[in-house]
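I opened this structure to look up the ligand surroundings, the surface and the charged pairs. My entries follow in the order of the look-ups.

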Amino acid sequence: MADRYLSFTGTAPGRFLTRRLGLPQPAALRRWSAERPVLDGGLLHLTAGTSKLDLAPVLARAGLGADSGRPAAVVLDATGVRDVAGLAEVHAALHPVVRSVTASGRVVVLGAPPDPADHHRAAAQQALEGFTRSLGKEIGRGRTVNLVRLTDAAAAESTLHFLLSPKSAYVSGQVIEVGAGAAGTDGAGGAAAAADPDRPLAGRTALVTGAARGIGEAVAGTLARDGARVVVLDVPQAEADARRLADRLGGTALLLDVTAADAGERIAGALPGGLDVLVHNAGITRDRRLVNMPADRWSSVLDVNLASVLRTTDALLAAGTLRPGGRIVATASIAGIAGNAGQTNYGASKAGVVGLVRSLAPRALAEHGVTVNAVAPGFIETRMTAAVPLFIREAGRRMNSLAQGGLPADVAETTAWLAHPASGAVNGQVVRVCGQSLLGA
Ligand code: NAD
């Protein structure tokens, strides 16, 4: 369902009227396209405190113009901020430039991991989180602000490139931790360069559940764009759509219900050559307030959204189907973080996904060389959200820093970043794709 308000505010009379009435001013977000440069404008690299990061080569490879015009991206390296006085340098660095950042531009703040041995440093570094989230809420014009905690710039290369590019159009106000280690076979530092940077997943196999439509369809398309051989999994009732998509992407369709007790074995059986990227996207809602919710609505949501994710993950790890260097990306939701009236079943299932990711991630990496992360979409324009009553739908669209819903492509690009061979140091993260939704912010 088209966002008519966004189209209206894109016209001169619409802008005039909505400004006069003090209504939200969503900017048309710039999204990735093969034909356009990464961003229109330059990259400004600023530092607060004394940094030990070797950022310059990583930023040089980001594909951003280094022209001296208005910055399209600002990277503030604040890893060296050790105390409150150091925070003044954060203000001094960004205060003069933030106004000049182009529409749909990017601000990425770099911080250090929490320091249990130095509470002054920990306080100053934690302050960056409140700073980032606050700037994200006020910056406007489709611009995003995110914080990356890191110790090794090379290990964070895929993350920085994602956050600086239009691929992260709907990701704002996020705090992402990047470890120093790499997963599996990708080499030290997690910065393994793909043979072809435009097709980083070439030679890899990806399976996306619930891929016949909506977000899953976009994820399958994006992973195929990045070179993966894609397996489109959906229920037998979605056969026509699943086969059409698989044909278009040069992949294969796998028709099964993920809640089947033997779903994991059947997936493993269909992938004798192994699997590199597993995207748990299939999900359902059966909304009712708890007082009106029969047990079957509860259990069906818990089974599709959580129990099947646990079962198939366990089965595919145990069978060795997921190869070292593999990636698991599960789909949570901001409803699982903030809660949502009428969604006790859905909120529970999606919070369960977060629990699964945080617990399994370190073990899966140590034992199988596989990373485990989650995307947590906010309001995404799909058939699922088109079915939401008008008033709630409008609230969902506007109640975020970008004042609009996201697109399936936004979740797909985030998944592709997590699936990237160079993202081996990103593990156990739950990344919201929500335009910095006010829900659970
Ligand atoms: P959708 O309803 O458009 O598509 C879901 C797909 O999953 C369908 O093709 C469906 O056939 C498939 N599916 C459902 N049950 C299945 C089963 N048992 N086995 C195999 N396939 C099954 O949904 P969507 O909006 O694209 O959402 C995709 C994921 O993103 C879900 O996990 C959803 O909870 C999550 N999510 C969506 C939003 C949003 O705003 N749309 C927000 C937060 C989270």
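**Entry 1: ligand shell.** For sorting residues I count Ala, Val, Leu, Ile, Met, Phe, Trp, Tyr, Cys and Pro as nonpolar, Asp, Glu, Lys and Arg as charged, and the others, Gly among them, as polar. I note that the model is predicted. On this scheme I find 13 nonpolar, nine polar and four charged residues in the shell around the ligand. In total, 26 residues surround the ligand, and I list R213, D234, D257, N281 and Y346 as the closest.

Entry 2: A polar side-chain atom of Y346 is 2.5 Å from a ligand oxygen. The side chain of T382 places an N or O atom 2.9 Å from a ligand oxygen. I then checked the cover: the ligand alone exposes 830 Å², of which the protein buries 93%. Helix 7 (214–225), helix 12 (344–368) and helix 13 (383–386) are the elements that each give two or more residues to the shell.

Entry 3: I found a nonpolar surface patch formed by F8, F16, L17, L21 and L23, with about 480 Å² of accessible area together. L17 belongs to helix 2 (residues 12–20), and I class L17 as partly exposed because its relative accessibility is 42%. T9 sits in helix 1 (residues 4–9). T9 is buried, at 4% relative accessible area. A polar side-chain atom of T9 lies 3.0 Å from the backbone oxygen of L6.

**Entry 4: salt bridges.** I recorded 20 salt bridges in the structure. One of them joins the side chains of E157 and R61, with 2.9 Å from N to O. This pair links distant parts of the chain, 96 residues apart: E157 is in helix 6 (residues 157–164), and R61 is in the loop between helix 3 (56–60) and strand 2 (71–80). E157 is buried, at 13%.

R133 and E129 form another salt bridge, their closest N and O atoms being 3.0 Å apart. Both lie in helix 5 (residues 119–138), four residues apart, about one turn of the helix. R133 is partly exposed, at 28%, whereas E129 is buried, at 16%.

R248 pairs with E217 in a salt bridge, the closest N and O atoms lying 3.3 Å apart. R248 is in helix 8 (residues 239–249) and E217 in helix 7, so the pair ties together parts 31 residues apart in sequence. R248 is exposed, at 58%, and E217 is partly exposed, at 29%. Finally, I noted one network in which salt bridges with shared partners join D3, E381, E394, R397 and R398.

Notes. Residues numbered from 1 in each chain as written. Predicted model: local features only at pLDDT ≥ 70, side-chain atom pairs only at ≥ 80, totals over all residues. Heavy atoms only, no water. Near = heavy atom within 4 Å. Polar contact = N/O pair within 3.5 Å; in protein donor to acceptor, adjacent residues only side chain to side chain. Areas by Shrake-Rupley, 256 points an atom, 1.4 Å probe, with all protein chains shown as cover. Patch = residues over 30% accessible without salt bridge, like charges linked within 9 Å, V, L, I, M, F, W, Y side chains within 5 Å. Salt bridge = Lys/Arg side-chain N within 4 Å of Asp/Glu carboxyl O. Buried < 20%, exposed > 50% of the residue type's maximum accessible area, 1.4 Å probe, protein only.
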